[in-house]
Amino acid sequence: MEDSQIVELYWQKNADAIAETNRKYGAYCFTIANNILHSREDSEECVNDTWLNAWNAIPPQKPGNLQMFLAKITRNLSCNRFHARAAEKRGGGELVYVLDELAECLASESDVESAYEAKELGQSIRRFVRKLPERDGNVFVRRYFFIEPVAAIAKRYGLTKNNVTVILSRTRKKLKTYLVKEGYFSE
């Protein structure tokens with residue numbers, strides 16, 4: 001079924017929307033959740049929560065790209081669940097590594113004074129990623145949006161893990177320089 005037809009089912013509040021969404025994007029959303037949570041049960045629950053959130057969001061929203069709309073919901077729910085498990089020992093998930101890697105070029109929560117500034121920062125990062133060479137941008141997004149392990153990225157692009165690490169390191173340095181130039185941070 002085409003995405004536009006699935007979105008139309010949501011608009012009609014037809015329960016088939018969830019079944020069709022699960023059929024088309026269930027494995028995709030599960031992979032995103034599992035990359036963050038490393039727990040089958042928690043990942044399945046996040047995917048189910050994704051369907052509920054999509055049901056509640058459509059309408060009024062009408063996503064132009066259903067796959068990315070669902071990916072963002074899944075990612076946010078999974079990150080929230082990850083943080084909720086913060087009472088457990090840190091470690092065992094890519095999210096800890098990803099946050100540590102990005103810490104060198106992103107502000108802490110206390111540096112971002114408002115939701116508006118955070119939104120502007122997100123848009124600036126998207127502009128930066130779009131200017132990167134295609135492979136470097138894809139590697140960056142796979143690591144920092146989809147929270148994919150370095151080994152999986154290396155395999156996907158036929159690179160060594162070291163090469164992926166170097167690409168990510170150089171891209172983070174470029175991002176930091178870009179964000180300083182944009183006025184988000186001072187050196």
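Helices (DSSP runs of H or I, at least four residues) and strands (DSSP runs of E, at least two) are numbered from the N terminus. The model is predicted: local features need pLDDT of at least 70, side-chain atom pairs count only at pLDDT 80 or more, and totals for chains, interfaces and linings use all residues. Residues are numbered from 1 along each chain as its sequence is written, and side-chain values use heavy atoms, with hydrogens and water left out.

**Figure 1. Overall arrangement of the helices.** The protein has 9 helices and 0 strands, and its pattern along the sequence reads α-α-α-α-α-α-α-α-α. Of the 187 residues, 41% are buried, where buried means under 20% relative accessible area, exposed means over 50%, and partly exposed lies in between (1.4 Å probe, protein chains only). A contact means heavy atoms within 4.5 Å. Among contacts between residues at least 6 apart in sequence, 64% join residues at least 24 apart. The protein exposes about 11100 Å², and carbon and sulfur atoms supply 50% of this area; accessible areas come from the Shrake-Rupley method with a 1.4 Å probe, and for residues only the protein chains shown count as cover.

**Figure 2. The largest nonpolar core.** A nonpolar core is a set of buried Ala, Val, Leu, Ile, Met, Phe, Trp, Tyr and Cys residues joined through side-chain atoms within 4.5 Å. The largest such core has 28 residues, and Val-164 and Leu-179 have the most contacts inside it. At least two residues of this core come from each of helices H2 (16–37), H4 (66–84), H5 (94–102), H6 (115–131), H7 (134–144), H8 (150–157) and H9 (161–181). Helix H9 gives the most, with 6 residues. Apart from neighbours within four places in sequence, Val-164 is in contact with Val-139, Val-150, Ile-153, Ala-154 and Leu-159. A second, separate core has 17 residues, including Val-7, Ala-17, Tyr-25 and Cys-29.

Figure 3. A salt bridge is a side-chain nitrogen of Lys or Arg within 4 Å of a carboxyl oxygen of Asp or Glu. The side chains of Asp-3 and Lys-24 form one, with an N to O distance of 2.8 Å. This pair links distant parts of the chain, as Asp-3 belongs to helix H1 (residues 3–11) and Lys-24 to helix H2, 21 residues apart. Lys-24 is partly exposed, at a relative accessible area of 37%. The side chain of Asp-3 also joins that of Tyr-25 through a polar contact of 2.8 Å. A polar contact is a pair of N or O atoms within 3.5 Å; within protein, one must be able to donate a hydrogen and the other to accept it, and residues adjacent in sequence count only if both atoms are side-chain atoms. Not counting residues up to four places away in sequence, Asp-3 touches Lys-24, Tyr-25, Leu-66 and Gln-67.

Figure 4. The whole structure contains 9 salt bridges. In one of them, the side chains of Arg-81 and Glu-45 meet at 3.1 Å, N to O. Arg-81 lies in helix H4 and Glu-45 in helix H3 (residues 40–57), so this pair ties together parts 36 residues apart in sequence. Glu-45 is partly exposed, at 40% relative accessibility. A network of salt bridges links Asp-42, Glu-45, Asp-49 and Arg-81. Elsewhere, the side chains of Arg-156 and Glu-148 meet in a salt bridge of 3.7 Å, N to O. Arg-156 is partly exposed at 48% relative accessibility, whereas Glu-148 is buried, with a relative accessible area of 8%.
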